[in-house]
Amino acid sequence: MSKDRFIEIIPEIKDRLFYFDTIDSTNNYAKELARQGHRDSIVISGSQSAGKGRLGRSFTSPKDCGLYLSMLLPSPARFAIPATVLIGGCVSRALEGILSRRVEVKWVNDVILDFCKVGGILAEADSDAIIMGIGINVNTPQECFDSSMPHVSSLAIREGRQFSIPEVAAAIIGQVDQMTARLDDSAYLGDLLEHYRSRLVTLGREVKVCDSKGERIGRAVALLQDGSLEVDFGGNTEVLIFGDVSVRGIDRYI
Ligand code: BTN
């Protein structure tokens, strides 16, 4: 893969794109750009040596197998609905356009196909901007994933064919750009939140919640307007705000 290949498929991002063959983490670079005053830049790398996931986890990023993308988005103050939830909706819509089938999400930001994780989203904030990291396992073969993570997969494994990584990038960037251009359009944002809710595999399931209170079992009952998750712990309902919460199925990933 090369910068030219991305520009060929997505010419409109020519002046915003920072491309690397390899880098530690596209989010780290995008954060540096935010500190320097950049605003709508896009960072893509062919591989990452220290790809980051949520909660201090790592994100497997082998060369030219996946999409490792960070986008600088406007200040968190501009978002009536948390950006991480809206981006989940954008990624689902983009991938559904490519795969012509439902692409689900696990609260808050794992991208799910056939109950397997095929991508993740890591939102960070710095210098009054959001650094939105999106990782999609596009053509990654199973042997690249740690054997302790059998629930992790790729679009190619699930679909039995290879995909063009620049085309996956084009679809996602298109959806995200559309969303950032419509931050004041409450009807559009409401639809996007509704799309996210309709694809949320977590709802209605028994979940294991790991947070500062330890590990507890409950049932996810609702997604609230601000993107938080309502969980019923045997009659006591709590509202979970993403931050440091991990939500999983009881005896499997979902
Ligand atoms: C997760 O699964 O918890 C989130 C994974 C986010 C991975 C992407 S890849 C591009 C960007 N750079 C990173 O270091 N992480 C995000």
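How do the residues of the lining of the largest cavity divide into nonpolar, polar and charged? There are four nonpolar, two polar and four charged residues in that lining, where Ala, Val, Leu, Ile, Met, Phe, Trp, Tyr, Cys and Pro count as nonpolar, Asp, Glu, Lys and Arg as charged, and the others, Gly among them, as polar.

The model is predicted: local features need pLDDT of at least 70, side-chain atom pairs count only at pLDDT 80 or more, and totals for chains, interfaces and linings use all residues. Residues are numbered from 1 along each chain as its sequence is written, and side-chain values use heavy atoms, with hydrogens and water left out.

On a 1 Å grid over the protein atoms alone, a cavity is a set of points where a 1.4 Å probe fits but cannot get out, while a pocket is an open set with protein on both sides within 12 Å along at least five of seven lines; lining residues have an atom within 4 Å of a point. A search of the whole structure finds one cavity of 30 Å³ or more, with a volume of about 50 Å³, a volume being the space filled by probe spheres set on grid points joined across faces, edges and corners. Among the residues that line the largest cavity are Lys106, Thr202, Arg205 and Tyr253. Strand E8 (206–211) and strand E12 (246–249) each give two or more residues to this lining; strands (E, at least two residues) and helices (H or I, at least four) are DSSP runs numbered from the N terminus.

The largest pocket holds about 560 Å³ of space. Its lining comprises 39 residues, with Gly53, Arg54, Ser58, Phe59 and Lys117 nearest its centre.

The ligand sits in this largest pocket, in the sense that more than half of its atoms lie within 2 Å of the grid points. Around the ligand are 19 residues, the closest being Ser25, Gln48, Lys52, Arg54 and Lys117; a residue is counted if one of its heavy atoms lies within 4 Å. E6 contributes the largest share of this shell, four residues.

Polar contacts are pairs of N or O atoms within 3.5 Å; within protein, one must be able to donate a hydrogen and the other to accept it, and residues adjacent in sequence count only if both atoms are side-chain atoms. A side-chain N or O atom of lysine 117 is 2.5 Å from an oxygen atom of the ligand, and a backbone N or O atom of lysine 52 lies 2.7 Å from a ligand oxygen atom.
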